[in-house]
Amino acid sequence: MTFVPGRVFFERDALKYPLGEKLYRQFTGEGIPVSLAASHNRITEIPGKTPREAYFESKRTLVVGVRRTLKFETCKPSAHYQLPLCTSCSGKCEYCYLHTTLGNRPYLRVYVNVDEILAAAETYIKEQAPEITVFEGAATSDPIPAERYTGSLKRTIEFFGARELGRFRFVTKHTEVDSLLDADHRGHTRFRFSINTQRVIKKYEHGTPGIDERLEAAAKVAASGYPLGFIIAPIMVYPGWEDQYRDLITGLKKRLGAAAENNITFELISHRFTSRAKKRILKIFPSTTLPMDEGERKYKYGQFGYGKYVYPKETLQEMDFLFSRELERNFPGSRVEYLV
Ligand code: 0TT
Ligand code: SF4
């Protein structure tokens with residue numbers, strides 16, 4: 001699953017930062033095609049004649065850039081603010097919520113001005129003092145695939161390790177966690193894994209590790225003293241869903257054993273889609289079996305102006321009932337942070 005880009009673009013300004021310069025030397029040395037981006041935030045040279053081709057080519061394209069806006073978006077329900085370290089990821093999940101926000105070419109983008117980004121976080125923390133401020137590192141990406149190049153996640157974890165009033169959290173489906181195990185986190189980063197039933201993973205989560213590998217990585221993370229969490233998402237309703245989600249939870253308990261009985265959190269996110277994402281998904285995966293029938297959903301207005309189709313209230317209640325019961329039974333010391 002190791003992410004190796006097929007091509008890399010550098011924004012000119014990125015080369016002024018040590019990380020940008022290091023990456024330039026590294027990719028050139030590895031013989032990966034490297035070029036300068038024509039202008040900031042406009043990458044026009046990614047091949048692909050069809051939307052499907054453009055999508056897959058973008059997912060193997062890395063852009064090394066500078067984060068311009070240091071005003072952070074809010075991030076309900078998982079945190080107070082989004083912490084932007086990178087955008088997109090090498091996974092190709094059919095249902096990915098980035099279809100709504102990232103357009104036709106969801107290339108990976110990493111930011112080399114990590115110091116400036118963390119300094120901005122510091123300002124937010126100070127503003128909220130003496131309250132604790134929580135930042136989400138996976139609001140617009142899965143931050144693990146690019147970590148082997150940037151090391152930004154580790155730096156961020158250690159930044160928050162040294163902050164009394166700052167907390168960090170991120171979520172991943174990926175398993176390359178080894179470089180993060182010895183980070184000086186001081187319990188200030190919640191390390192979460194996104195999990196789902198075998199059926200959902202097999203059908204929809206292309207380019208991501210299977211459940212057994214994810215749980216193996218989670219066990220290592222727990223053993224390194226990180227507060228551990230699981231996002232069960234997207235929860236989908238299909239024939240047999242209740243049995244399969246129950247099996248997922250009992251399997252999780254078996255695999256983690258005593259290692260994760262305390263201070264473990266769960267976040268439950270029901271499947272949703274926007275009209276914009278549906279259009280895009282149908283172009284990239286024309287024979288998708290994702291449940292995207294508007295007639296079976298309820299329309300909900302969204303924070304960023306994108307209305308979304310969610311399951312009706314009765315279905316959400318069934319989910320609530322099932323997960324409350326099974327999580328209480330199997331993980332009595334755990335906390336469900338939200339079901340949305
Ligand atoms: O379809 C995915 C849904 O999951 C989105 O509504 C956000 C939500 N989500 C994602 C969540 O509830 N908890 C998480 O931890 C996330 C992984 C992170 C997150 C992202 C969040 O908590 N709150 C957000 O506002 N986002 C943003 O939502 C990022 C992106 O811009 C937007 C996509 O709807
Ligand atoms: Fe999208 Fe997450 Fe899948 Fe990456 S791993 S494609 S960010 S849903």
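Student: Where does Ser88 lie?
Tutor: This is a predicted model, where local features need pLDDT of at least 70 and side-chain atom pairs count only at pLDDT 80 or more, while totals for chains, interfaces and linings use all residues. Residues are numbered from 1 along each chain as its sequence is written, chains are lettered from A and ligands numbered from 1 in the order in which they are written, and side-chain values use heavy atoms, leaving out hydrogens and water. Helices (H or I, at least four residues) and strands (E, at least two) are DSSP runs numbered from the N terminus. With those labels, Ser88 sits in the loop between strand E6 (86-87) and strand E7 (92-93).

Student: Is Ser88 buried or exposed?
Tutor: Here buried means under 20% relative accessible area, exposed means over 50%, and partly exposed is in between (1.4 Å probe, protein chains only). Ser88 has a relative accessibility of 2%, so it counts as buried.

Student: What is the phi of Arg186?
Tutor: Arg186 is in the loop between strand E10 (166-172) and strand E11 (189-195). At 57% relative accessibility, Arg186 is exposed. Arg186 isn't a glycine, yet its phi is positive, at about 50°.

Student: Which residues come nearest to ligand 1?
Tutor: A residue is near a molecule if one of its heavy atoms lies within 4 Å of it. There are 17 residues around ligand 1, and those that come nearest are Lys76, Ser78, Ala139, Arg192 and Tyr338.

Student: What is the angle between the planes of Phe160 and Phe168?
Tutor: Rings of Phe, Tyr and Trp (its six-membered ring) pair if their centres lie within 6.5 Å; planes under 30 degrees apart are stacked, over 60 edge-to-face and the rest tilted. The structure holds 24 aromatic pairs. Phe160 and Phe168 make a stacked one, 5.3 Å centre to centre, with an angle of 5°.

Student: How many residues apart are Phe273 and Tyr309?
Tutor: These two rings are stacked as well, 5.2 Å centre to centre with 25° between the planes. Phe273 is in the loop between strand E14 (264-270) and helix H10 (275-284), and Tyr309 is in strand E16 (residues 308-310). The pair links distant parts of the chain, and the gap in residues is 36.

Student: What separates the C-alpha atoms of Pro209 and Met1?
Tutor: Pro209 is in the loop between strand E12 (205-206) and helix H8 (211-223), and its relative accessible area of 5% makes it buried. Leaving aside neighbours within four places in sequence, Pro209 is in contact (heavy atoms within 4.5 Å) with residues including Met1 and His174. Pro209 and Met1 are 208 residues apart along the chain, but their C-alpha atoms are separated by 6.9 Å.
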